[in-house]
Every structure is written in structure tokens, then in C-alpha cells.
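Me: I have just opened a structure that is new to me. Could you walk me through how to read a few of its features?

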Amino acid sequence: MSLIGKAVTFLLLACSWLTPFALGQKESSHSVPVILQSVPTEDLALRLGIEELGRALALRGYRLEIGQTASPGSKSILLCGIGTFQRDRNPASQSFIVSPEPKGLRVFSEGVGLVYGVFCLAEDIRLNGLNWELRLSETPAFPQRFFSYQGVVFGLPDEGYYFRSAPFVNQEVLARQVAYAKMAMGELLKLGFNTVAFLNLNVEDYINYDLLGDGHQVYGPDSLHRQRSKVFRQALNELADYAHQLHMQLFLQIYEFSFPDHLDARNLSDETELTWKFVDAKFTELFQATRIDGVTVTPTEPSPRLAYRGFKLWKEPEGAGRMASHYYDTIVRKLRKQLIFRLWWAAGTVDEFHQVLKGAPEVDLMFDTKNTNGDFFLNAGENRLIPNGAARLRPFSVTFDIFRQYDGWGRLLFYPTFWEDRFRSCFKNGVTTVNAWGPWLGGCIFPGMWVEKYDEYDFLRHGFSPALASLYLFSRLAWNPQEPVEAIANRWAELHFGRENAKTVQKALFTSYQLWKTTYLDETPESQLAFKWTMLFQPGQTGFEKEAGKDSFLGQLYAKHPLSVLLESDRTALELASQVRELVLSIDPSSVPEADAIKGFRRAADLTWLYFRTFAKWRELLWKSYGYGHGDSSQENKVSIMQVVQDLEKILPEWKEYPRESKDWLIFQYDPDLITAPAWMQRTSVAETLDKVQRMLH
């Protein structure tokens, strides 16, 4: 059999399950030949794209057939390339063109763009049917498009992975995590991502420090660590190989500077040459032992895990630059791998960035910053580095928060329409890489047994989450920041809820943005009473405590904003939350193509409504109780506080319907399973605080 014949046979077998029978469709007399011309026929990514194309055609009553030629008089889809796909970041090789030709449709690309083109065509067929006059063409505005898992999948180190006897690693858990990661990569490929990163607090699980001293200075030849590192290296390489088959790159996102606790570190500091020998040995071994493509380094939060020690390895912005330069020497210059150095807490202004560059003069060293001027708060404004030209000085990446850790953890309705302006600003000002900050594990940078405890937050694998709308928005703007956000929202709504419901869903999404925006009283993050890990509730700080003085965030807000302003904000928010819920409940389920979509969206709308009813009363309680503890101890205020407590006590039982959120947002008692978290995370729950207020007032 010829090579072409073998390739066609391979694809016929690979795609045999695409028949209408396998898809639950009735037999159709309309077949659509798919012809492959000058393309790598055994390519996994292309195969996944063809499978998606087959599903889309089946939904429209067609049967996909792989062949070398079309039947006389029939139209076909021609997938045309110029040979083997390269895993580069050249926009030209990622671009594609879909155009009509006399015998059907032609999808063409000079490289891996053919895969993206096939997925794009499949989506259009789902929406509009098979249009033989279709014309599509795209070149990605941002050549590198990251998706970063934040501890939810394949996060190391973690006590949940370790056994102290053979096989020393919990192979069953590790295998599931690897499978989850592969599943996610396939979903990300559909959306046009080409790089995936997994948060590992450090790289200690993969290395033995064989290049430090005599090779056994840190871990002996028979050490338990060496037994484990073999297993973790194998798992990481399996993921890297799979990513490469999809023409994606695989990064580790790490928090530095960490090292084994038992290592003699008396002479390690940010000023000693020994430190940089240590770094060189560490990362040289990592990249020699694994096939990953690079690392993203956060230099400001070493956050030690398990038996590892960590400290900040610089004091001034120029010192952060020197750290970046040393990492660059090993990772980029010596090993020809990739490094992205995050500027979080290292540089927030262009002047500070210039100071960083004094220590890191390398012209191709890539830096990353958040799109917000500070943390991911909705009211933080645009990061000043972007419009002020930082990306013109060095290669630059900008990170966007998909999971919205301050606006619902991906569980509530929130649609970041302001990204339209942010992405356009990034493109205008020379940014080349954009990063989607994905599902986030609460407490993910602290010791404990976290693996698989937060799996259900992974919106790529579990149920239908409103975060999927934000993910789709990111993916489209990453390809074309000029596409109107209204059109993107409408397209996403049509895909999942049907054309009849698209405008209603779009209105609910846009209203959700106004809902969250109205809860910020001013430009300070604390105006929403927001804080990491505990969502938006601040249990324990009722205003009665000594620490809740005038200098506390609650005291400062109380001084700036009268109660009337707070109540008006709450009233507006409740009106908007009610509108969002009513819009979602008005969706006609009979015309929704995905049953999970309507179920998941209704849950999110109900939870959003419950959340803001609770949030409004909670803020009112804090304001009034603070006033009671700082001058307004009148009987009238006391009665008013007790009424708010009673209102909240009537609401709280409804949270029993949402056990995951009730636990993680501390509605009820702190979860003892997470007792390994630091003391400041172990906060009093909302319910306990209500009881405390009543006891104090009585």
C-alpha cells in the first residue's frame, strides 16, 4: 500500500466513530468528503479538529467521509497545507483561510493554522449550517496565548501525591491528574490556545541536585526523594509530549526562591555567587531531565511547601532584574529554553521597570504583568506599564483573570466586558503574549493536601460554568481584539443556548458586569470588602474588635462613605442581580441545544441572586456594627443591627443548597479538612459572626 493509502486508512480508522450512528443521528444520504492535501495525516491535533468537524456536520444532517478524491458532482472540504506543522509562534504559520472553490470549501494554512481553521469551520457549521460560499480568515493578534492552571490540576508539591513505601507516589491520583491535564489541553486547542502552564510551587519534585557538589550533597543515592522524582519526571514528560503533539508548549509556573529545608543554606543570599550556582544546577537538571518548554517565575511569593524553605531573593527592583538575568543565563542562554519573569510586586510603573532593566539588560527576556493596576480587582484600572510603553522595551506578556477570584470564583455570573479595551490597548502597545489565569485553588500556595479537593472548580472539565463565557471572550480577543465584545457574547450564547435565546443571554452577561461594578464604592480594592481566599466576606471583623480601629480598612471606608451611600449601592446591586436572574430564568429550555448549559446557567443565576442578597445585608451589618463600636451605640442602632442579623439568619439556610461555595466562602464553619492552611486563613464563618454579634449586643 502507498504512503498516501496508509495515511488515508489511518484517518478512516481514527474517524470511524464519526458516523451518524455513533453520534446518535439518523442515517443521512448527504455525505461530505474531506480531502487532505499536503498535510501531516497522522497529526493528532488535526485529527481532533476533523473529529470536531464531523460532530458539527452530523448535527446538520451530514456524514463526514475521509477520502482522496470527491465523487463526481459532489462538493468536498479540502484541507490544504504545505507539509509538517512546526511548533513555532510565527503568526503567519498560525493563520488560516477558508474560501469557496468550484468543488467546495478550501481550508488553507502554511502551518498549524490549518488546525485552528478546521475548528473555526466546525464552529461556523454548528451556528450557521454548511455554507459552501463561506469566507473566513484569521491571523492571531497575539502569537502566544497561554492558559495557566492555578493548582487545580497537576499541582506540586502536595502531600496527597506521596507514599512513604513503594511505590512512593500515589500512582492512581497522579494518573488521574495527567489524564485531566490532557483532557484540558484538547479543549484549549479548540479555543486556539497554544501554550499551557501548570502551577507548581517549585520544581523540587523533578530534580535531585545531581549537578550540585558531588551529586549526592542534597539527596543520597537511595533516598526516597530520588524514587519519587523518577515518577514525577515521567508524568511531566508525558504531558509535555502530549502538548507537543497538539503543537502546544508546556510551561511550569513557579514561585521562587525555594530550596530543600535540609540544604546547607548559610551562604545563600541574593548577593552571593553560590546562590546562582545553585540556580544553575537546579534548572539545568530540570531541563535536561524533562521536555518542558519553559518556566514562568513569580519572584515575590516563594511560599514554601512541605519540606521546602523559601525567601525573597531581591530587595529593590534592580535586584529583581539581577535575579531575572541570572535565571536567563541558565534557562535561555545556556539551555535554549523559555523564561517569563513576572513583575508582580517587582515593578508597577515604567520608572520601576527601568530599574528592573538595569539589572536585566537582555533584550529578549520576556516579562509579564497583570492587566490591572494592582491585583485583579474590577476597579483597579489598567496596569500603567501597558499604555506607558513597557512592551516596547522588552517582550511582554499580560495576564487576565478568567476565574475571577474577586468576582465569584467562576461560579457566579460575571462577564468582563472591559477586556475589549484592555486587549486593544495590549495590541496597540506591543504586547505579544496574553495569559488566561485559569481555575484557582484557594490556598494553593500553602502547605497541605490539596490534590483533587478543588477539581470541580475546573470549568474545562466539570459541568457548565459561567466562567466559560469569559474563557471564550479571552480566546476570541486573543485572536482578534478588534472583534466587538457584543458579537463575541452573542456568538457564545448562540453556540450554547440557541439563536432564539442569544440576545437574552447576552443581556444577562452584560448586566452582570454592571452588577459587580456597582458594588465598588470607590477606587480602592477594599471598597468591596474584598480579600483573598474568603471571597468578599470578612468574617470576624464586625467593628467591635480593637483591631477594627480607624486605620483598619473598615474604619477608613466608614469614614469615607456614609451609610446612605452603601445602602444605595446595595439597592442598585439587588435590582441588577434580580434582572440577571429573571433574564436567565426566561430562557426557553426547549430551544437550548445543551441541557447542561441551561442547568448550569440557572444555578449560577440563583447563586448570584443569593450571594448579593447576603452580601448587601453583610455590608450593612459591618457598617452599622462599626458605628455601634465607634460612637453610635444608640438603642436605635442596636435594634437596627439586630434586625440585619435576623435578616441574614433567614437567608443563610438557602446556602445549604451550595455546599462547595458555603465552605470556600466561609458562610458556615471553617472546613477542618483545610486545617493545614496558615492561621490567617482560618477565619470565623458568617454564621458564627452573627452569633457573636448577638451575644455582644445582649
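Reply: Gladly! Keep in mind that this is a predicted model. Let's begin with charged pairs: the structure holds 47 salt bridges.

Me: Which residue forms a salt bridge with glutamate 285, and how far apart are the closest N and O atoms?

Reply: The partner of glutamate 285 is arginine 233, with the closest N and O atoms 2.7 Å apart. This pair links distant parts of the chain, since glutamate 285 sits in helix 7 (residues 273–289) and arginine 233 in helix 6 (residues 224–245), 52 residues apart. Both glutamate 285 and arginine 233 are buried.

Me: What parts does the pair of arginine 619 and aspartate 570 tie together?

Reply: Arginine 619 and aspartate 570 form a salt bridge, their closest N and O atoms being 2.6 Å apart. Arginine 619 belongs to helix 17 (residues 595–629) and aspartate 570 to helix 16 (residues 563–585), so the pair ties together parts that are 49 residues apart in sequence. Arginine 619 is buried, and aspartate 570 is buried too.

Me: Which residues are linked in a network of salt bridges?

Reply: The network links Arg411, Glu456, Arg603, Arg660, Glu661, Lys663 and Asp664. Within it, the side chains of aspartate 664 and lysine 663 meet at 3.0 Å, N to O. Aspartate 664 counts as buried because its relative accessibility is 6%, while lysine 663, at 24%, counts as partly exposed.

Me: Now the strands. Where do the side chains of strand 11 point?

Reply: In a regular strand the side chains alternate between the two faces of the sheet. Here, Gly294, Thr296 and Thr298 point one way from strand 11, and Val295 and Val297 the other way. Five of the five residues in strand 11 (residues 294–298) are buried.

Me: Which strands pair with strand 11?

Reply: Strand 9 (residues 249–255) runs parallel to strand 11 and is joined to it by five bridges; glutamine 253 has threonine 296 as its bridge partner. Strand 13 (residues 338–342) also pairs with strand 11 in the parallel sense, over four bridges, and there valine 297 has phenylalanine 341 as its bridge partner.

How values were computed: Residues are numbered from 1 along each chain as its sequence is written. This is a predicted model: local features need pLDDT of at least 70, side-chain atom pairs count only at pLDDT 80 or more; totals for chains, interfaces and linings use all residues. Side-chain values use heavy atoms; hydrogens and water are left out. Buried means under 20% relative accessible area, exposed over 50%, partly exposed in between (1.4 Å probe, protein chains only). Helices (H or I, at least four residues) and strands (E, at least two) are DSSP runs, numbered from the N terminus. Two strands pair if DSSP finds at least two bridges between them. A salt bridge is a side-chain nitrogen of Lys or Arg within 4 Å of a carboxyl oxygen of Asp or Glu.
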